[in-house]
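Colleague: I would like to learn how to read helix packing and a chain contact in a model of this kind. Could you take me through it, beginning with a pair of helices?

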Amino acid sequence: MLLNVKNLRKVYAQGKKEFTAVDGVSFKIQRGETLGLVGESGCGKSTLGKMLLRLIPSTSGQIFFDGEDITKNRGRALCRRMQMIFQDPFASLNPRMSIGDILKEPLQIHGLPDRVDELLDLVGLPQVSKNRFPHEFSGGQRQRVGIARALALNPDFIVCDEPISALDVSIQAQIVNLLIRLQKELNLTYLFIAHDLKMVRYLSTQVAVMYLGKIVEMGPAEQIFSNPQHPYTQLLLSSALSLDPRKKKEPDLLKKELTPFVF
Amino acid sequence: MVLQVEDLRVGFSVQGKELLAVRGVSFDVKEGETVGIVGESGCGKSAAVQAMLKLTPANRISGKVLFEGEDLLKKSNAELRAVRGRKIGMVFQDPMTSLNPTMKIGNQIREGLLYHRIASRKESKEKALELLKVVGVTEPELRLEQYPHQLSGGMRQRVLIAIALACNPKLVIADEPTTALDVTVQAQILDLLKKMQSHFQTSLLLITHDLSVVASVCDRVLVMYAGKIVEQGTVEEVLLDPKHPYTQMLLRSLPHLDRPRSEPLLAIEGSPPNLLILPKGCPFRPRCPFASDICKEEPPAGNSTANWAACWKVV
């Protein structure tokens, strides 16, 4: 067991009112597995991801990482083992730093030997990228830089927060295949946060469905997708559009009579 | 035929050079038909539809856009204002920014009705209320008096659809109408667009990057790549039996919910070309596994009605 989360909560105070963003969430992730976390915007999935990395303090609950309670933990030791890949490859790289400097920064902070060349090879970027700046790269290439940066300290666990949703359709498969290859090669464990149900099904071993701050259903990916139990999961799956035009959803005009409208 | 576009070209001036975002696009939309234009960002799909109504700062627009027999590109701005909103309604991508934040919802819906003198002030109030009911906005009386920030994303998109339909247009152009929305809301909005279309008997031109949106609502689809249509046909033909290597590979790069999970995703290597330095001949050539010498020649384009793919391997 790499990660064991127990009854994790995050409450934001809005004046006198309280808003519970994450409401008592518990789950476990085994080493080498991928937990896919799905839910709609505002359901608390990104807050949860950031709490695991201690980027946001939690209100209550416990997080055990590799057997150790890290709930009170802050500081650099954790960064070496847990990292994050962000959604927007345009906003998450410093535009004034060269790719080489971006990748060197975590290594310097932690006093580790330079392995920028190795990192570039790992994510399939040419060596000449080192001296270039983020604006010279496409979205897919920038996301490769973001992945290389997350891998710099050789972590065990990576939170991927919507890593492909800002990318073009023809680039998404490149990045997903890269994430899968890296997972196998480096024995990584992922929390994959996404709203794209088809991608989550493709690369997750376990899937958790979040709704209004709670995990409403969790289980092996195949089971969640073939036999969803919770009404919300069923609604999510029935809302997902098929790529097969023969499965077109006909507008149910007969069922719901429209208000007569005359000009 | 509601809309006939012939050899539309749209150019922007970038760094002293001319960037052709749309490089000769021809298609038509029949009465009551839903046509999808699908492609990745920068392929020219939005530039093309914005140029049709001259809603773009493009330096050069050429070709013909025949709407009800008249060329929109030859019209003056004053003449175009009688078409925009009245005969052609538009739903924009981002429901957060395309409503006026300082105007009440009711007044935004009434604006077009009053401008085009379709209704009196009193009638327009009633029609705005009816429209909100038709597009399924909850508590419509209350919403009329509210401002956009008081509504959720899905509700705002419904308001935008109500505005687009207010003057009972012949054609509705929807540019990525569901991209900014959650999946469950997306399904509702697409369902609403289809219902509205059969209810109002309008034609729908839908711009999207999402092939599953095309599969679920369109009759016909045009696939765009680097400013050109590379394949077109009925959705069944294009999505079930794609001819162009780009369409084929795009479909294999997406996970399908109704196929086994173990089926690997095929990645299309490289990225779409820079329109300022286009390769000679077929724009997909540098990424195409089937490319040969003949692909350095411009691939053939078909006529606007039949199904075709702009590829030497298909001809």
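Modeller: In this predicted model, helix α3(A) passes α5(A) in a right-handed crossing.

Colleague: Which quantities describe two packed helices in general, and what angle do the axes of α3 and α5 of chain A make where they cross?

Modeller: In general, a packed pair is described by the distance between the two axes together with the angle between them. Here, the axes of α3 of chain A, residues 99–109, and α5 of chain A, residues 139–151, come within 8 Å and cross at roughly 25°. Since angles under 35 degrees count as roughly parallel, α3(A) and α5(A) are therefore roughly parallel to each other.

Colleague: Which residues of α3(A) and α5(A) meet, and how do they divide by class?

Modeller: From α3(A) come A:Ile99, A:Ile102, A:Leu103 and A:Pro106, which meet A:Val145, A:Ala148 and A:Arg149 of α5(A). Sorted by class, this contact of α3(A) with α5(A) has six nonpolar residues, no polar ones and one charged residue.

Colleague: Let us turn to chain B. At what angle do α3 and α6 of chain B pack, and how far apart are their axes?

Modeller: Helix α3 of chain B, residues 105–115, packs against α6 of chain B, residues 153–165, at an angle of about 25°, and their axes are 8 Å apart. By the cut-off of 35 degrees, α3(B) and α6(B) are therefore roughly parallel to each other, and α3(B) passes α6(B) in a right-handed crossing. The contact is formed by B:Ile105, B:Gln108, B:Ile109 and B:Gly112 of α3(B) with B:Val159, B:Ala162 and B:Ile163 of α6(B), and by class it has five nonpolar, two polar and no charged residues.

Colleague: How many residues does each chain bring to the contact between them, and which element of chain A gives the most?

Modeller: Chain A contributes 37 residues and chain B 40 residues. On the side of chain A that touches chain B, the elements giving two or more residues are α6 (169–186), α7 (197–203), α8 (221–226) and α9 (231–239), and α6(A) gives the most, with seven residues. By class, that side of chain A has 19 nonpolar, 10 polar and eight charged residues.

Colleague: What confidence values does the predictor give for the complex, and what is the mean pLDDT of chain B?

Modeller: For the complex, the predictor gives an ipTM of 0.80 and a pTM of 0.87. For chain B, the mean pLDDT is 91, with 99% of its residues reaching 70 or more.

Methods. Residues numbered from 1 in each chain as written. Chains lettered and ligands numbered in written order. Predicted model: local features only at pLDDT ≥ 70, side-chain atom pairs only at ≥ 80, totals over all residues. Contact = placed C-beta atoms within 7 Å. Helix = DSSP H or I, 4+ residues; strand = E, 2+ residues; numbered from the N terminus. Nonpolar A, V, L, I, M, F, W, Y, C, P; charged D, E, K, R; others polar. pLDDT = per-residue confidence, 0-100. Axes fitted to C-alpha atoms, helices over the stretch in contact; angles between N-to-C directions. Parallel < 35°, antiparallel > 145°, perpendicular 65-115°, else oblique. Left-handed = near helix turned anticlockwise from the far one by under 90°.
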